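Subject: Structure handover

Dear colleague,

Please find the structure below, followed by notes on what was found in it. I have put the cut-offs beside each term where it comes up.

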Amino acid sequence: MHDTETKSTGKFFLKTCLDPVLLYTAVVMAALMYHYRSGLAIVYGIVSYIAGWLVFRIFDFVNKHKFLGAIAYGLTGILVLAATGYVVRSGERDYPIPFWLWFITPQDSLEYNKWFTVAIYLLFFMFMASAVYYFTKVRYRIFMNFLLFIIPFAIYGKEYEKMPTIYIILLAVGYIILMIEYRQLQNNDKTVIEIWQSVFIFSIIAFAVISVLSVFMILFILSHLLSVDLNDLSPRYMC
């Protein structure tokens with residue numbers, strides 16, 4: 001009996017930790033936060049993964065228990081908004097401009113404000129986690145998922161900033177996996193997902209991308225190593 005419960009718990013953690021929606025949300029948040037604090041983007045991604053796992057368990061409860069779930073989600077939203085308000089007030093104490101003006105102003109022309117950065121993280125995280133979860137696990141909608149996909153690019157685009165290639169690749173791979181894995185069943189509102197298929201697909205695509213990039217890198221290095229400037233050759237070697 002104990003072994004059965006242990007295996008069941010292990011399968012649950014494996015399934016939820018390898019959830020492509022959770023992984024995709026963490027990648028989206030890392031890509032977004034790179035714009036505001038590039039040095040901490042990976043940290044924000046890890047925090048999003050851990051916090052996302054916890055928040056998704058609340059969303060699972062909401063999906064199963066409509067009335068109590070709505071109360072739980074409302075309390076979670078109030079808690080996040082209260083924390084955001086506190087962080088914003090802390091950031092405005094010794095800063096010359098308010099939070100809303102900081103948000104619409106190009107980051108390159110502003111002094112870094114850690115409190116405002118945390119505030120924007122909290123808002124984006126709660127929104128993206130809720131929206132991505134809902135439009136995949138609850139109501140699968142291709143159009144809404146595409147709109148969520150382009151949000152990070154819009155944030156970069158408003159300041160004519162280029163998103164790092166690695167984040168573009170990860171976002172594209174994650175988006176493709178979600179589109180492949182999630183289907184809205186004709187006679188059922190539930191969606192079906194096979195975790196190991198997601199891992200397999202992700203591995204194949206990632207391997208292909210890495211292989212192509214490696215080939216281009218090798219060709220680039222060889223082209224520089226084999227190139228010779230004839231002007232630097234000694235006359236004795238010239239025919």
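From the N terminus on, the elements of the protein chain run α-α-α-α-α-α-α-α-α, which comes to nine helices and zero strands, where helices (H or I, at least four residues) and strands (E, at least two) are DSSP runs numbered from the N terminus. The model is predicted, so local features need pLDDT of at least 70 and side-chain atom pairs count only at pLDDT 80 or more, whereas totals for chains, interfaces and linings use all residues. Residues are numbered from 1 along each chain as its sequence is written, and side-chain values use heavy atoms, with hydrogens and water left out.

Of the 239 residues in the protein chain, 36% are buried (under 20% relative accessible area, with exposed meaning over 50% and partly exposed in between; 1.4 Å probe, protein chains only). Among contacts (heavy atoms within 4.5 Å) between residues at least 6 apart in sequence, 69% join residues at least 24 apart.

Leaving aside residues up to four places away in sequence, M29 touches S48, Y121, F124, F125 and M128.

The structure holds 19 aromatic pairs, counted when ring centres of Phe, Tyr and Trp (its six-membered ring) lie within 6.5 Å, with planes under 30 degrees apart taken as stacked, over 60 as edge-to-face and the rest as tilted. One of them is the tilted pair of Y34 and Y167, at 5.6 Å centre to centre and 55 degrees between the planes. Because Y34 lies in helix α2 and Y167 in helix α8, this pair ties together parts that are 133 residues apart in sequence. Y34 is partly exposed, with a relative accessible area of 27%, while Y167 is buried, at 11%. Y44 and Y121 also form a tilted pair, 5.0 Å centre to centre with 40 degrees between the planes, and both Y44 and Y121 are buried.

Finally, α7 bends by about 35 degrees at I151, with a proline, P152, following within four residues; the bend is the angle between axes fitted to the seven residues ending there and the seven starting there.

Best wishes
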